[in-house]
Structures are given as structure tokens and as C-alpha cells.
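Trainee: I would like a close look at a single part of this model, followed by its surroundings. Please take it step by step.

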Amino acid sequence: MQIKLAKKAGFCYGVKRAIDLALSKVKEEKGNIYTLGPLIHNPQVVQDLAKQGVQEITALDQIEEGTVIIRSHGVGPETLKIAQKKGLEVLDATCPFVARAQKQAQEMADQGLPVYILGDPGHPEVQGILGWTEGKGIVIESPDEISRIEHPKVGIVAQTTQPLKNYQALLESLQQKGVEIDARNTICHATGERQRAAMELAREVDVMVVVGGKNSANTKKLARLCQETGTPTYHVESAEELREEWFRGHELFGLTAGASTPDAIIEEVKKRMKELDQMTTEEEGMSEAMEVKSPQAGELVKGVVVQVGMDEVLVDIGAKSEGVIPRKEMSFYGVDNLQELVKVGDEIECLVIKAEDNEGKIILSKERAAAEKAWDGLEEAMEKGTIIKGVIREVVKGGMLVDVGVRAFLPASLVERGYVEDLSNYLNQEVEIRVIEMNKPRKKVVVSRKAVLEEQYARKREELLATLQEGQVVKGIVRRLTNFGAFVDLGGLDGLLHISEMSWHRINHPQEVVKVGDELEVMVLKVDSENEKISLGLKQVLPNPWDNIEEKYPVGGVFNAKVVRLAPFGAFVQLEPGIEGLVHISHLADHHVEKPSDVVKEEEEVQVKVLSIDPTEKRIRLSIREVNSEGRPAREARPQKQRETSEQPIIQEAPEDKITLGDVFGDMFKDK
């Protein structure tokens, strides 16, 4: 017996988050704790929580005090208002994807649009979303329920566990009616992945077992989708419900679970399946009568490899003689050594080409058997948009050949989201792809890896926007530099690190601080989910040089500095990167100065005395004159150029105490 577990099974993010929040509250041991309805659709988990003091209620009027946990399905705004009036502590465990659907439904209702909610009318998640539409929501289970639409524009959201094909069918139905649509795809990508993984597994196995609560909508959908593949499917809540007769006569079994099913229950079911198989095996006995049969041309047969030669493979298919697979019938792509494909003892499936040739041999084809088996699956994968796997076997003009049971072509432009220079790096790699074009009579299959990557990228972008919060410190990689900043990849979405947020001191170009490929820790300054824009800051995670300015540069102290720029009213000097102060023209020398360039020049090293500090406004007044007056040689004025005419404008000296960085550089420095 072989049991295969679906790639996506068990707790989803929203359910796990709700359980974790409830258990954290239990540890605090503060007052009574209640859940409004079962926290998740799994009776075993609900019973376990009850033993720990988390009680289930069906309405808020059943309690007067304590903490109420809003489950992952969410609730409408009226429920939250009632809880607030009663003085209850609310612990909101609404799934982020459900909360997003509620918010978008509310936004469309605020715009005066009728909002179509695709989902189960009786499901608490749908009822919660409906509550946020302020009476403008219309719940439908299928496009067939829509008759006439009187409004010129409508909005669409969906229950997060809806199959994508249902949402697309509703969209197409509304488009055919000629109305303008504000469509918000609120389906949780994790639900879609779980359903796709379950269906893919159901097509591979003899029997499918789906574990989860009998009242769980997403688990019932999983069971229905698996049943639709034609594979016998059984929905159970626990291992005790398994029956021995389900597994008799079968070898390969599939196992998946709904979003509310803990790992412990999945393991119990798996263990019980193995026990039942052992019982069945003992009943059937350890041996079976062997029947010699004559294969027919075109028949698919299974056999065991008994010999691998240079140009052919011998296979025992239970006939009077072994079958022979010539080298050219092993695979569509060239193989130098047949042992790279099969070895003695392997069980393989073959197609009978000739039941008996001139020498009495049975001629078989492994490649044609794989192709015969693959075509139906490829056609279904193309219709449903299912992701399949294939192995890159050969680089050809314009792309690569992929082994998906048949020869499939992967164009170079559809390998990655961007340009790929060397396709040979992908040879012999297993890749996930989508079938985008096929023609069985012409044996033509075209696939795309880029479509899968774009979908994964979109999912990561959604997750990122749902979880990022302002003030959060995250890691990212610098992907691109511009004159105004750097774009940092946060793992699915690029954020802008503006040049003004890179350093506490002024820089001229981002490359002075970062370069492409750098991994950085940055702070999230702003998240615009609607436009998918993220603003980042680097200096916020670095020490602020102004934090202890009065300790480093006390008033009256003399320090080395560098002249960074000149103005008509004085010189700006840098004490250290990020710390600049003004030496007013009246403090440049112990004699009258016509203009600052007569005394100092940019990049010149000078000594300055601190006159005053204002940490709040980030201002420091400095003096060169007072350093010179303390026994140091006075600085000689530079020779002045003779004025060309007596009418040359005279620059007025601005009062020292009224100069600000904003006066010099404009609004960009007024808040600094």
C-alpha cells in the first residue's frame, strides 16, 4: 500500500492564526473566554479548546463580560458595535483575506454600487461580508441566479473558498449583460492551491480520502472536486470512520485535509489506513494465481524490467516471453545510456506495438505508453488551468523541449518573468508549467513556465500587502537604482527607498550608500495597498547622529570641521556625516568679511567653536572667529577682486539668528 499526501493539506494561515490567538489568550488566564460560533469547523479542536476554558457561544446576549474571539470567518460591523456597547474585550481573529473582502465590499457599497457576493448564503463568512455592504449586498451561489440588472455598474467579491472558475463564470455572465464591473478577486490563493493539489492527487490514485469537519464548507468542496475526477472519494472527520472495504483491491491511495484539520488528525487517519490495508492483505492471502496471457497490439501493459542492454530493454509482462523495448521506443529524447532511464527491477508501463514479430518477440514502447496516458491529462490541465510538472530535456531553436509524458515545447520567452540568456542551465531540471496550446493530431503541445511564475509572484504580492505594517522592519534586496532612490525587492513586491530616506546626511546619488544586489534591513514607512506602493526607509534603522548631539559637541567646545557649501550669509560646515552647522558671515573672521569665499572655500578643513545647539530643529551655530580670537593666528582675508563697476549689487548680510536651512534649500529641509 502506498499513501500519498497532497502537497497542500491541513491548517491554512487564517485558521492557524485564530488557534494561536485563542491559545495565547488562554495563557494569560484573565477572565472568561468565548468564541462567537465554533472557532473552526472541526469538532475535535473545538472540544479541546473547551477543555482549556474557551467556551462557544452563538450570540453575544449569552454573556455579559469577558473576552469574545471573532473567528476567522469574521462578522459584520453591527456585531462589533454590540460587543463594544456591552464592554466586552474583542479579540479579532478574522482571516486577513476575509478582512480584505469585507473592506473591498464596504468600499464599493460606499460608492453606491450594488455588491454581488459569490458564495454560500448561509456561510458565516458570507454573512459577515454582507454586513459590511450596508444593505447593498446581493448573495448569489451561481451566475444563473442573475436575471436583470438595473444598475449601470456593479461590484463583485467572492467568498474566499470559492473555486476560481465560479468567479470567472460570474464575471463573464455580467460582461455579457453589458454592465460596467468593479471586480475584486477576493478568493484566497491558498484555497485554490489546496483544491488544485487535491484534484491532481485524485487523478493519480485509486482511492481518495478527504479529512475534515462535516460542516466545513472548504472540506466539502475538496471532497466534491476529488469525486468529480472519477476517483472514489470518502469524506471523514476521524480515523474511526474509515472502512476496510474502501481499500480492498487497491494499491495507491491519496490523502488530503481541509483548512480546519490539525496535523494530528491527519496522522491518525494515515496510520489507520495502513492498518486496514494490512488486514485486507492478510485476508486476500500472500499469493495469487499466475495467469499467462497473450497481449494484443495497442494494449497497455505493466511489466518488470529484467535486462537493460545497449540498444534494447527486456520486460517481463507475464506473457509466454519477455517483451522488447527498442532504444528509439524508450523516450522521445536521445539517451546515451538506457540505464539512465530504467534499471533492473523497475516496474514500467508499455504499449504493445506488435504482439509477435518475425522472430516471435513482443515489441513494446515505453514512450508511446507515456504519451497515450499523458494526452487526456494534458487536455484537462489546459481546460482547467492546472499546473503540471515536466523535465527539461533539450535546448532547441527558440526554446526547450519538456518531457510531460509527450514532447512539449517551452518557448524561450515563456521560461522566466524576464529575459534568459543561457537556456542550457535548465537542462534536466523539473519545472512547473501550464499548458497553453495543444493539438493532439499534430502531436503539438506548447507550455509556459512564465505563467506559473507570474501567478506565484502575484500571490506573494497579495500576501505581502496583507501582512506589511508601517513601522515594521523587513529585509530586502536592492534590484534597481535611479537618481531619486532605489527599488528594493521585499520578496514579491518592490518598495521605493527614496534618496532622502537613505542616510542622515545629504547624498547626491543612491550609489553612495547602496548598490544593486545589496541585502538590506529597511523600515516600512507607508503601505498603499490600493496602488501596490510601498515606501521604505534605511536611515530609520541606523543610529541618528542628532540623538546625543549635545554630549558629542558641547557648547563652547572647539572641533575640526569641513566646509561643504557657501552662501551669501555664511558657510555651512560638516562636523560629521549628518551633522552640519552654520558659520555666519560675521563669525568667519575677526575682521569685516565682504563675502564668505574671501575667507574660506568648499572642502577646506577648519576649526570651529560651538555657540549654540537646538536638537529639536537640528541647528548648530558655529564660529571660526572665536577660535581665532583665543590666541590662534588670525586668518588673513583673501585678496578681493576689484569691482568692475560702482553699480555692482551689494549682498546684504542676513541676521545670523534668522537663517534656516529652509531659507537656503527650500521646503525639503523645513521639517528636518
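In which loop is the place of Thr386?

Mentor: The model is a predicted one, and what follows should be read as computed from it. Thr386 sits in the loop between helix H10 (366–384) and S18. Its relative accessible area is 6%; because the limit for buried is under 20%, Thr386 counts as buried. With neighbours within four places in sequence left aside, the contacts of Thr386 are Glu200, Ala381, Ile433 and Arg434. These contacts lead to several other parts of the chain, and I will follow them in turn.

Strand S18 (residues 388–396) pairs with strand S21 (residues 430–439) in the antiparallel sense, over 4 bridges. Two of the contacts of Thr386, Ile433 and Arg434, have numbers inside the range of S21, residues 430–439. S18 also pairs with strand S19 (residues 399–403), again in the antiparallel sense, here over 5 bridges. In that pairing Val395 stands opposite Met400 of S19. S18 and S19 make a hairpin with 2 residues between them. Gly398, in the turn, has a positive phi of about 85°. As background, strands of a sheet pair through backbone hydrogen bonds, either parallel or antiparallel.

Next, take Glu200, another contact of Thr386. Its number falls within the range of helix H7, residues 189–204. Apart from neighbours within four places in sequence, Arg196 is in contact with Glu455 and Arg459.

H7 also has a helix partner. The axes of H7 and helix H8 (residues 217–228) come within 9 Å and cross at roughly 35°, and the crossing is right-handed. On the H7 side the contact is made by Arg194, Gln195, Ala198, Met199 and Ala202. On the H8 side it is made by Lys221, Leu222, Leu225 and Cys226. By class, this contact has 6 nonpolar, 1 polar and 2 charged residues.

Within it, strand S10 (residues 207–211) and strand S12 (residues 252–257) pair in the parallel sense over 5 bridges, and Val209 has Leu255 as its bridge partner in S12.

S4 runs parallel to strand S2 (residues 33–36), to which 3 bridges join it. Ile33 has Thr67 as its bridge partner in S4. S4 also pairs with strand S5 (residues 89–92) in the parallel sense, over 4 bridges, and there Thr67 has Glu89 as its partner in S5.

Helix H2 (residues 43–51) has Val45, Val46 and Leu49 as its buried residues. Seen down the axis of H2, these fall within an arc of 100°, so they line one face of the helix. Gln47 and Lys51, on the other side of H2, are exposed. The cover over the buried residues of H2 includes helix H1 (13–28) and strand S3 (54–57). H2 is followed by Gly53, with a positive phi near 100°.

Gly360 has its place in the loop between strand S16 (347–354) and strand S17 (362–365). Gly360 counts as partly exposed, at 28% relative accessibility, whereas Thr386 is buried at 6%. The C-alpha atoms of Gly360 and Asp120 are separated by 63 Å, with the two residues 240 apart along the chain.

Notes
Residues are numbered from 1 along each chain as its sequence is written. This is a predicted model: local features need pLDDT of at least 70, side-chain atom pairs count only at pLDDT 80 or more; totals for chains, interfaces and linings use all residues. Side-chain values use heavy atoms; hydrogens and water are left out. Contact means heavy atoms within 4.5 Å. Buried means under 20% relative accessible area, exposed over 50%, partly exposed in between (1.4 Å probe, protein chains only). The arc is that of the directions from the helix axis to the C-beta atoms. Axes are lines fitted to C-alpha atoms, for helices over the stretch in contact, and angles run from 0 to 180 degrees between N-to-C directions. A crossing is left-handed if the near helix is turned anticlockwise from the far one by less than a right angle, and right-handed if clockwise. Ala, Val, Leu, Ile, Met, Phe, Trp, Tyr, Cys and Pro count as nonpolar, Asp, Glu, Lys and Arg as charged, and the others, Gly among them, as polar. Two strands pair if DSSP finds at least two bridges between them.
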